Amino acid sequence: MMSKDKQSIRREILSIRNSLSRDEVNERSKLIFENLKKLSFFASADVIHTYVSSKKNEVDTVEIIRYLLSSGKKVIVPVVNKERKVLLHSRLESLSELKPSTFGILEPGVIREVDIAKIDLVLVPAVAVDRRGNRIGFGGGYYDKFLNQVKCPKVALVYDFQVVDEITPSPGDVPVDFIVTESEIISCAGT
């Protein structure tokens, strides 16, 4: 089967995602979080980088962040630097620090930059992924630049319908190592 281009996959998946009700998002996000907790490296990670769910019907990370903060983990969140077209990485100490900013994304008002070499795990947003870990984001390339620099496990949090047959990676795309959905944990290594 001929693989669809990224634009049409992005359009198709976002159309489904945008049609979810708030209850569906909450219910599915809870199941994804339960599966995430089954990963041994999630439990053992001290420094966890996570996106802050801000886009419409994205898998909710606010509960994950609340859980991590209450467990005494260090939570690192991305901050978009539009001038340099890169992500900065800031330690979050409380959910109340988050304010809408670039692209409507929730970001901390106070930036406490951290050394990304200290990150044990990255929770990655995605519009779509395939079972080999190739992902489609929103096309800015911000995450790929960052993922290219970290050696720790990279985990995409997506709903079942966001796992597609095939995504043809572009140069510079960085695959994730694991995909966590409501119904399964996919290890992308060697598939």
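Me: At what angle do helix α2 and helix α4 pack?
Reply: In this predicted model, where local features need pLDDT of at least 70, side-chain atom pairs count only at pLDDT 80 or more and totals for chains, interfaces and linings use all residues, helix α2 (residues 22-37) and helix α4 (residues 62-70) pack at about 40°, with their axes 10 Å apart. Residues are numbered from 1 along each chain as its sequence is written, and side-chain values use heavy atoms, with hydrogens and water left out. Helices (H or I, at least four residues) and strands (E, at least two) are DSSP runs numbered from the N terminus, while axes are lines fitted to C-alpha atoms, for helices over the stretch in contact, and angles run from 0 to 180 degrees between N-to-C directions.

Me: Which residues make the contact?
Reply: On α2 they are F33, L36 and K37, and on α4 they are E63, I64 and Y67, where contact means heavy atoms within 4.5 Å.

Me: New topic: in what order do the strands of the open sheet run?
Reply: The 7 strands follow the order β3-β2-β1-β6-β9-β11-β12, with mixed pairing, and two strands pair if DSSP finds at least two bridges between them. The edge strands, β3 (86-92) and β12 (185-187), each pair on one side only.

Me: How many bridges join β11 to β12?
Reply: There are 3 bridges between β11 (residues 178-180) and β12, which run antiparallel, and I179 stands opposite I186 in β12.

Me: Which strands does α4 touch?
Reply: Packing on the sheet, α4 touches β1 (47-50), β2, β3, β6 (121-124) and β9 (154-157), and its direction makes about 135° with that of β2.
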